[in-house]
Amino acid sequence: MLNNKLYIKTWGCQMNEYDSSKIIDIMKKELNCKITKSVQNANILILNTCSIREKAQEKLFHQLGRWKNLKKNNPEIIIGVGGCVASQEGEKILKRAYYIDIIFGPQTFHRLPKMIYKVRKFKKYLIDISFPKIEKFKSFPLTKTKNVSSFVTIMEGCNKYCTYCIVPYTRGKEISRPYKDIILEIKNLSLQGVKEIHLLGQNVNSYNYRNIIKQDYCNFTKLLKMISKIKNIKRIRFTTSHPQNFSDDLINIYKKIPQLVSFLHLPVQSGSDRILSLMKRRYNVNEYIQIINKLKNIRPNIQISSDFIIGFPSETKKDFYDTISLILDIDLDMSFSFIYSARPGTPASKMKDNISINEKKERLHLLQYYLKQQTKKFSLKMINTIQIVLVEGISTQNNQYFGKTENNRTVFFTNDYNCIGEFVNVKIIDSYLYSLYAKFISVCKN
Ligand code: 5AD
Ligand code: SF4
């Protein structure tokens, strides 16, 4: 049997990271693959791409150009391109990079071992960027992990078609994983010491599993209730949710499930109703504020983070300043912001983009200044408070223990005995923009 050594490079979101970890599980199981961090040592090279922003295609060919020479020296090497750029560009990739062996999409990576086998046998490239329903999830082997926090995909794809977004075209329509599989995966993780689960999906709160024949249904709140009953799962996070599906039911569940963290990433994108409507976001600023207010009624200390797109076609200075006002009004914590990037084939890419790149950059710069001030404010407020940290490991940078607080801040501290995998009480003594330094107090009971 061939000595398979896999090198995998991942770009993009947490879901791509999760997909890559599943590719590794599948390749280990079916091809007995060893994983290598050195591309020179590998005979299978996989690039898991992202196309949400920037010049994704250029970045792809740049990377492939570097791998071309490796293949020239060793024609046995298999190169596979997956993820959203592969899904979007398909066969076109071969026109510029004829030496690629496999092109696969986000819904077909579970077929990689078979594809590799066929490429080796028939010496011909293969493309599979189809969207087979649910099949992928069924082929995930149970994960082995040493981590204390783990991602779990619960749904994938999107039916919203925001006018700027490529995701519905690259990841396909919404598919909800059967809840029994999700529960099985989380139980398996918890048995291995995982205490924090981070649920993933393009719109987790539109999770909707339906088996009409068996009359078996499950929505997001029901799923959360089930997960909260799994032994040893002490923290539940989820990304990304959409304001349109943030129902009162979901808001009220914050009363009943203490494991749900008081930190929520809920992208608003813009503080201008006119721009939200052009983006086809399906809510207005007031509706967004109502959701946050209701949540704050239940959890007064909940911290909210968001995503913003700056310089969407026709965004005026007034629209932009409305966005800044919203950040201050709802007192947002650390958030992400991006300059609008026209994505091929999306409705927004046909709108007149009348804002100069310099103006966009200036707006982004100003917005990020405000976001930074907000982040600093929340971090400073934590000084001298006692926080519970789930300890993930020892940092290679400073040799200190590190872990996350409930509000997603990384905390560093020293301790004279091993506390990895435990929830610990620490006192925050210093704050940097995104991380905090603390004094260890004790290991939490239970
Ligand atoms: N241009 C800029 N930002 C985008 N995002 C999605 N599509 C685009 C685009 N075309 C941002 C949104 C989304 C985040 C994941 O990426 O803010 O919430
Ligand atoms: Fe893209 Fe909008 Fe779907 Fe989010 S909700 S993945 S931004 S189309």
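**Stop one: a loop with an arginine**

Select R409, which sits in the loop between β19 (401-404) and β20 (410-413); helices (H or I, at least four residues) and strands (E, at least two) are DSSP runs, numbered from the N terminus. R409 is buried, at a relative accessible area of 0%. Here buried means under 20% relative accessible area, exposed over 50% and partly exposed in between, with a 1.4 Å probe and protein chains only. Show its surroundings too: beyond residues up to four places away in sequence, R409 touches Q303, D333, M334, T375, F378, S379, M382, G403, K404, Y434 and L436. Contact means heavy atoms within 4.5 Å.

Some ground rules before moving on. You are looking at a predicted model, where local features need pLDDT of at least 70, side-chain atom pairs count only at pLDDT 80 or more, and totals for chains, interfaces and linings use all residues. Residues are numbered from 1 along each chain as its sequence is written, chains are lettered from A and ligands numbered from 1 in the order in which they are written, and side-chain values use heavy atoms, leaving out hydrogens and water.

**Stop two: ligand 1**

Now pick ligand 1 and display I52, R53, Y164, Q269, D307, I309, F338, I339, Y340, S341 and R343 around it. Each has a heavy atom within 4 Å of the molecule. By class, that shell holds six nonpolar, two polar and three charged residues. Nonpolar covers Ala, Val, Leu, Ile, Met, Phe, Trp, Tyr, Cys and Pro, charged covers Asp, Glu, Lys and Arg, and the others, Gly among them, are polar.

- R53: a side-chain N or O atom is 2.6 Å from an oxygen atom of ligand 1.
- Q269: a polar side-chain atom lies 2.7 Å from a ligand 1 oxygen.
- D307: a side-chain N or O atom is 2.6 Å from an oxygen of ligand 1.

Taken alone, ligand 1 exposes 400 Å², and the protein buries 87% of that. Those areas come from the Shrake-Rupley method with a 1.4 Å probe; for residues, only the protein chains shown count as cover.

**Stop three: ligand 2**

What surrounds ligand 2? Select C158, K160, Y161, C162, Y164, C165, V167, P168, Q202, N203, H242 and R281. This shell has seven nonpolar, three polar and two charged residues.

**Stop four: the core**

Which residues touch the most other members of the largest nonpolar core? Of its 64 residues, they are L199, Y207 and F246. Such a core is a set of buried Ala, Val, Leu, Ile, Met, Phe, Trp, Tyr and Cys residues joined through side-chain atoms within 4.5 Å.

Most residues other than glycine have a negative phi, and most peptide bonds are trans. Zoom in on the bond from T239 to T240: this one is cis, with omega near -10°. D331, in the loop between α13 (317-329) and β17, has a positive phi near 55° and is partly exposed at 25%. Finish at N399, between β18 (386-394) and β19: its phi is positive too, about 60°, and N399 is exposed at 64%.

Notes. Polar contact = N/O pair within 3.5 Å; in protein donor to acceptor, adjacent residues only side chain to side chain.
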